[in-house]
Amino acid sequence: RLCERSDLFFSHKFDPFIKVSAHPKLPRNRSKVSIPIIIMLFFSNNWSPLVIATVWTTLLGVVAQSVAGQDACTLSDPLFLDANGALTLQQVKNTNEGTFTMRIKYTGGHAWIGIGVNLDGRPKMTPVQSVIGRLEPSGSSTSVWKYRLASDDTDASGVVRLNDDLQSDLQSATFVQDFDETTQEEISILEFTHPLQDNAGAMSVTDNSVWVFAVGNADNAWTGKHKISGSFQLPLTDNCVSQGGSNNAGTDSSTGTDTGSTTGGNTGGGTNTGTGGVVVVGGGDSEDESDDESYEYSSYAESEDEDGSANSISSNGFVVIDAQNESEKLFLAHGICMAIAWGIFAPLAIGASFARKLSCLDRNANWLKFHLWANVLVVLLTTVGFALAVAAVNKDGEEEHFTENSHTKAGLVVFLFVIVQAITGYFRPAAAKPKPASTETEKDNNTAGDGSDLAGVEEQAPPKLEKTNIRFAWEIGHRMLALIILGLAWYNCTTGIELQIEDFGNGNEEAALRLWMGVFWGVTATLSGAFLVMGIVQRMQ
């Protein structure tokens with residue numbers, strides 16, 4: 001009878017040692033007992049009953065000892081990693097085995113899924129050691145491998161797969177893409193088991209680890225901006241029970257649920273060396289907790305870290321780190337300041353100087369007052385915007401400034417040049433010195449209307465002003481530097497809009513880029529063009 005049931009012993013349909021409500025992981029030591037049992041199936045007919053009884057008793061003891069030495073672990077209830085509920089995480093920690101298991105489910109299409117630990121403990125995509133499940137470029141199979149994220153470039157050039165010798169501690173790794181008949185949606189599921197401390201010693205999982213996750217674009221696109229991304233802190237649930245019946249930690253007896261049937265799809269794995277215990281998705285005898293909203297975003301309480309950033313904390317210790325959102329707000333404020341400074345006030349300041357002979361500007365030297373105060377606003381807004389950008393980079397945890405791309409380098413140059421322009425403008429040389437006045441006596445032989453003789457009256461011509469050489473050089477340098485700063489600032493406003501939409505877009509980046517580019521350049525070109533035309537016409541007249 002045991003021979004007849006031996007095939008079921010190694011299938012997902014039958015397991016005499018644990019209660020199953022979904023699909024359990026098989027004992028990792030099954031290979032140690034499978035070969036002797038296969039030999040028994042082929043040769044036991046030629047053995048005496050005593051030999052058969054002795055061998056079977058020994059084999060059953062080995063099997064019982066193998067399974068009894070393992071822990072039955074139950075995954076936690078799903079945690080919602082995004083506000084729309086499309087991405088969920090289930091996890092469990094096996095303290096006895098020194099491993100943890102994660103199951104990430106994306107309901108929203110077929111896309112790669114990755115999750116890992118930031119090695120610097122920051123809510124950033126780099127440097128991160130992660131596990132990524134994806135569809136292979138051939139499209140015929142899926143794979144799960146460990147990667148090192150050296151940069152977050154959208155071309156995925158910074159995503160480097162670790163060497164094969166560093167993949168060995170990745171256990172029972174699967175990536176499945178199916179169609180959920182219940183929700184009528186495509187789903188992607190990544191599941192794996194990994195040591196709390198990896199073989200290389202690079203990644204150490206603790207209660208304070210900062211986890212970073214991401215989901216790729218639709219149709220398994222490997223490159224491009226993440227569809228979903230974020231970071232969190234979470235003490236992993238130690239919900240494992242040994243075969244003797246004792247709980248590792250006795251801290252959590254919740255069970256997870258995963259409803260909905262799936263059909264089709266493909267499964268693959270980079271490595272699959274067995275688990276550090278029997279992991280059950282769902283199941284158990286605990287009460288139904290499907291209505292528990294402790295993991296919902298709407299039930300989060302707000303707190304503040306030492307750096308002042310707001311975090312969302314659920315009752316189970318799940319902390320959504322909002323540092324990325326904080327930096328997004330800072331970068332947005334930075335962009336608004338710079339757009340107003342260089343899209344509105346800078347054109348007004350330069351335009352007032354260029355079209356100074358207009359009657360409204362020429363009267364009482366109004367152009368100079370307008371030019372001065374518009375430039376004061378440019379300097380103030382640029383300084384504030386610069387400070388906001390530095391604060392945003394610090395919020396992201398970057399150690400180096402002005403090295404990431406041409407936008408940051410040009411921004412530094414603009415800020416320094418603006419300070420120089422403001423100082424030299426305030427301490428400018430004197431405008432000009434008067435020439436010696438010339439007088440001439442004009443004798444008019446004509447007679448005025450009243451018959452009086454105007455002969456011999458001296459008329460003094462207005463004094464002529466002569467620019468000094470230093471003033472002349474200053475004016476040339478002042479104007480040239482102004483044009484250089486304006487060109488760099490306009491370049492940075494353009495690239496800044498692109499970066500803001502690329503980094504923090506909501507999925508419709510192309511339309512947003514056209515909209516904000518149109519708004520900025522529409523206002524800037526209108527102001528600049530109007531003053532340019534008025535100045536040229538005034539000079540022609």
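How many aromatic pairs does the count come to by the ring-centre rule? I got ten aromatic pairs, taking rings of Phe, Tyr and Trp (its six-membered ring) as paired if their centres lie within 6.5 Å, with planes under 30 degrees apart called stacked, over 60 edge-to-face and the rest tilted.

Ground rules for my notes: this is a predicted model, so I kept local features at pLDDT of at least 70 and side-chain atom pairs at pLDDT 80 or more, while totals for chains, interfaces and linings use all residues. Residues are numbered from 1 along each chain as its sequence is written, and side-chain values use heavy atoms, with hydrogens and water left out.

**Phe-386**

I looked up Phe-386 and Phe-402: centres 5.7 Å apart, planes at 10 degrees, so this pair is stacked. Phe-386 sits in helix H6 (residues 366-395) and Phe-402 in the loop between H6 and helix H7 (406-426), so the pair ties together parts 16 residues apart in sequence. Helices here are DSSP runs of H or I, at least four residues, numbered from the N terminus.

Next I checked accessibility, with buried meaning under 20% relative accessible area, exposed over 50% and partly exposed in between (1.4 Å probe, protein chains only). Phe-386 is buried at 16%; Phe-402 is partly exposed at 28%.

Phe-386 also stacks with Phe-415, at 4.0 Å centre to centre and 5 degrees between the planes. That pair links helix H6 to helix H7, 29 residues apart. Phe-415 is buried, at 16% relative accessibility.

**Other rings**

I found Phe-100, Phe-192 and Trp-211 linked into a cluster by ring pairs.

Terms used: Helix = DSSP H or I, 4+ residues; strand = E, 2+ residues; numbered from the N terminus.
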